[in-house]
Amino acid sequence: MSLYKNYCLPYNIKEALEALTNATGPTRIIAGGTDLLLDLKQGRHPPVHTLVDVTQIHELSVMEIREGRIFIGASVPLNRIVSNDLVRTHLAALVEACGLIGGPQVRNTATLGGNVAHALPAADGTIAMLALGADAEIASMDGNRLVALEDLFLGPGKSALDPKKDLLVGFFMPLQFAGQSSAFKRVMRPQGVALPILNMAAWLERQDGIIRKIRLSLGPAGPTPFRARKTESVLMGKEVNDTSISAAQQVLLDEAKFRTSPARATADYRKKLAIILLEDVLKAVWKRADRIKS
Ligand SMILES: Cc1cc2nc3c(=O)[nH]c(=O)nc-3n(C[C@H](O)[C@H](O)[C@H](O)COP(=O)(O)OP(=O)(O)OC[C@H]3O[C@@H](n4cnc5c(N)ncnc54)[C@H](O)[C@@H]3O)c2cc1C
């Protein structure tokens with residue numbers, strides 16, 4: 001049985017938006033297809049009439065410095081992100097996250113746009129970009145708009161994107177300057193299940209021996225990819241040491257909402273992992289930030 005009736009292959013954003021708007025039945029954008037095709041095949045996604053493939057659109061395949069930030073197109077395959085020098089220099093957490101998603105075959109086709117639009121609370125690329133302060137560029141027939149990544153998520157598997165109108169163009173993330181760095185870590189079952197038991201990312205700025213700025217994200221720790229703002233505030237102005245880590249661990253356990261999921265882990269196990277991941281990620285990023293001189 002065919003999973004769709006029409007397959008459109010637009011070569012620019014305008015053609016893609018027209019294909020979305022003009023399609024007569026249920027329509028979906030497809031990039032790598034590593035989430036969508038499985039969901040369609042296994043009946044987790046309602047049938048679609050038209051698929052709009054966005055992988056041939058040049059604008060969505062670019063990685064460059066744009067307007068003083070790094071721009072990564074929504075359709076860049078993850079393996080290209082992992083090996084890109086610009087990304088490796090400025091966005092360590094994203095390199096670490098993308099390098100762990102699936103295996104080589106998945107990373108050859110899967111994209112950041114798909115990772116974000118699928119809107120799962122523990123999507124690895126999404127969690128890394130949340131800590132990296134990403135904004136998403138979205139195109140529609142009304143024009144392009146920039147939205148803070150965090151504002152795109154409404155619930156598990158639910159994003160604020162309108163599938164009939166909105167196309168993710170790409171993501172903007174700040175360049176890394178002296179004293180700044182990021183890190184991503186996760187705990188994962190060795191095989192079989194696509195998402196981690198728990199993941200965590202941190203970005204921070206270290207100046208004069210204390211944390212001047214910090215962003216911390218983790219998943220699954222609530223219905224949407226979670227930014228741990230209360231934990232961030234406890235760490236602001238502190239050195240990363242046993243005392244500050246211990247204080248941060250208490251606040252994180254209080255603000256994050258861990259749940260039990262049958263295929264992965266219990267809430268209690270996730271709490272234990274959160275304590276360990278927080279210490280690991282903070283120590284890694286603190287040490288790295290000290291090495292970044294310019
Ligand atoms: C074996 C396996 C292992 C995996 N392991 C992991 C893992 O470890 N960690 C993890 O986070 N994920 C994992 N995944 C999930 C998946 O690979 C990622 O979420 C991937 O990044 C999805 O990208 P895609 O291009 O394949 O998306 P697609 O499947 O093409 O699309 C997914 C959703 O995004 C929408 N979409 C895609 N591009 C756009 C766009 N430009 N604008 C608007 N909407 C868009 C689609 O309409 C669809 O709703 C795994 C999947 C498999 C099959």
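**Exercise 1.** Find which residue stands opposite Thr 27 in strand S3.

*Solution.* Thr 27 stands opposite Thr 50 in S3, where strands are DSSP runs of E with at least two residues and helices are runs of H or I with at least four, numbered from the N terminus. This is a predicted model, in which local features need pLDDT of at least 70 and side-chain atom pairs count only at pLDDT 80 or more, while totals for chains, interfaces and linings use all residues. Residues are numbered from 1 along each chain as its sequence is written. Continuing to the strands themselves, S2 (residues 27–30) runs parallel to S3 and is joined to S3 by four bridges, and two strands count as paired if DSSP finds at least two bridges between them.

**Exercise 2.** Determine in which sense S1 and S3 pair, and name bridge partners.

*Solution.* S1 (residues 6–8) and S3 (residues 50–53) pair in the parallel sense over three bridges. Within this pairing, Asn 6 has Thr 50 as its bridge partner in S3, and Cys 8 has Val 52.

**Exercise 3.** Work out the strand order of the sheet, and explain why S1 and S2 each have a side without a neighbour.

*Solution.* The three strands form an open sheet in the order S1-S3-S2, with parallel pairing. S1 and S2 stand at the edges, and because each has a single partner strand, one side of each is left without a neighbour in the sheet.
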